[in-house]
Amino acid sequence: MNTAFANPFDLTGKVAMVTGSRTGLGQAIAIALSQAGASIVGVDRGPADETRTAIEAQGGAFLPVTADLSTTAPLPAIVQSALDRFGALDILVNNAGIIRRADALDFTEEDWDAVVDVNLKSAFFLAQAAARTMLAARPNGKSAGGKIINIASMLSFQGGIRVASYTSAKSGLMGLTKLLACEWAAKGINVNAIAPGYMATNNTAPLRADAERNGQILARIPAGRWGAPADLGGAAVFLASEASAYVHGITIPVDGGWLAR
Ligand code: NAP
C-alpha cells in the first residue's frame with residue numbers, strides 16, 4: 001500500500017526545524033510534527049529539555065541547536081547542523097519571536113530593532129538558508145523542495161495598540177510569505193504562514209494578567225476561550241505535509257473565530 005497516498009499528512013522520514021521550540025507555540029508545533037513522523041531540529045537560545053523529553057518519550061528524534069536569532073550570524077551553521085545530523089532539511093517553521101510594548105509616541109529604536117531583527121529579519125534569512133538547501137540539486141539532478149511555515153499573528157491583519165514593531169514585523173512576515181511563495185512555488189517549496197489568535201503562552205502572560213484586557217479579549221473570541229498551544233498542531237502538520245501540496249502564500253488564522261467577528 002502507498003502510505004503517503006493513504007495518509008497525506010504523514011511526515012515519516014522528514015526533517016523539520018522549529019525555531020523557539022523550548023516553550024509555548026514552538027514546543028507544541030515541534031511535538032505535533034514529531035507525532036506526524038518528522039525528526040525535529042529545535043533552535044533555541046538555551047536548553048529545550050522539556051520539548052526534547054516529550055518528543056523522545058513518543059519515540060521521536062530531537063536535535064537541539066543552540067543559537068540566538070537576534071542576529072543573522074548563526075544561520076548558516078544552524079542549517080548545517082540539521083544536515084550533519086539528518087542529511088536533509090525538509091520543513092522550516094519560523095516561530096521564534098518576541099514582543100515589546102510601549103505607546104507609539106514613546107517607542108524606542110532599541111524596541112523596534114530587537115523585535116524586527118528576530119521576528120522578521122532572521123526569519124527571512126533563515127528561510128533563505130533553508131531554501132538554498134531545499135533547492136540544491138541531488139545526485140538525480142532534481143531538488144527535494146520543502147515547506148516553510150512562518151508564524152504570523154492577528155497583528156498581520158490588524159493594527160493593535162502599543163506594539164509598533166511587533167505589528168510591523170508580523171505584517172511584514174505575512175507579506176514576505178506571499179513574496180517567497182511567488183518566487184519559490186514553481187521550484188517546489190510551499191511557503192505559507194499560520195496566524196495564531198490569542199494563545200495562552202509566556203508571550204501573552206501580561207495580557208492575561210490584566211483583568212480588563214483579559215475580559216475584553218475573551219468577550220471577542222467566538223470560541224469563548226484563549227487558544228492552547230496544541231490548537232496549532234493540525235494547521236502546522238497540514239502545511240508541512242503533502243496535504244498542502246497546492247497551497248502557496250496563504251496565512252491560515254487559527255484564532256477561535258477572532259477575525260470572523
Ligand atoms: P514564547 O512562549 O515567548 O516563545 C517564544 C519563543 O521564541 C521562545 O522559545 C523564545 O526563546 C524564542 N526566542 C525569542 N527570542 C529568540 C532569539 N533571539 N533567539 C532564539 N529564540 C528566541 O511565545 P509564543 O507565544 O509561544 O510565541 C511563538 C510565536 O508565536 C512568536 O513568533 C509569537 O510572536 C507568535 N504568536 C504568539 C501569539 C500568542 O498569542 N501567544 C499570537 C500570535 C503569534 P526563549 O525561551 O529563550 O525566550
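View 1. In the side chain of Y166, an N or O atom lies 2.6 Å from an oxygen atom of the ligand. Backbone atoms contribute as well: a backbone N or O atom of L25 is 2.8 Å from a ligand oxygen atom, and one of G20 is 3.4 Å from a ligand oxygen atom. A polar contact is a pair of N or O atoms within 3.5 Å; within protein, one must be able to donate a hydrogen and the other to accept it, and residues adjacent in sequence count only if both atoms are side-chain atoms. On its own the ligand has 880 Å² of accessible area (Shrake-Rupley method, 1.4 Å probe; for residues, only the protein chains shown count as cover), and the protein covers 92% of this area. There are 29 residues around the ligand (one heavy atom within 4 Å), of which R22, R45, N95, Y166 and T201 come nearest.

The model is predicted: local features need pLDDT of at least 70, side-chain atom pairs count only at pLDDT 80 or more, and totals for chains, interfaces and linings use all residues. Residues are numbered from 1 along each chain as its sequence is written, and side-chain values use heavy atoms, with hydrogens and water left out.

**View 2. Seven strands form an open parallel sheet.** The strand order is β3-β2-β1-β4-β5-β6-β7; strands (E, at least two residues) and helices (H or I, at least four) are DSSP runs numbered from the N terminus, and two strands pair if DSSP finds at least two bridges between them. At the edges, β3 (62-66) and β7 (251-254) each pair on one side only. Neighbouring strands are turned by 20° against each other on average, direction ignored; axes are lines fitted to C-alpha atoms, for helices over the stretch in contact, and angles run from 0 to 180 degrees between N-to-C directions.

**View 3. Strand β2 (residues 39-44) runs parallel to β3.** Five bridges join the two strands, and G42 has P64 as its bridge partner in β3.

**View 4. Strand β6 is largely enclosed by the rest of the structure, because eight of its eight residues are buried.** Buried means under 20% relative accessible area (1.4 Å probe, protein chains only). I189, V191, A193 and A195 point one way from β6, whereas N190, N192, I194 and P196 point the other way. Six bridges join β6 to the parallel β5, with I194 as the partner of I151.

**View 5. Helices α5 and α6 lie across strands of the sheet.** Helix α5 (residues 109-134) lies across β1, β4, β5 and β6, at about 180° to β4. Helix α6 (residues 164-184) lies across β5, β6 and β7, at about 160° to β6. Contact means heavy atoms within 4.5 Å.

Key: Buried means under 20% relative accessible area, exposed over 50%, partly exposed in between (1.4 Å probe, protein chains only).
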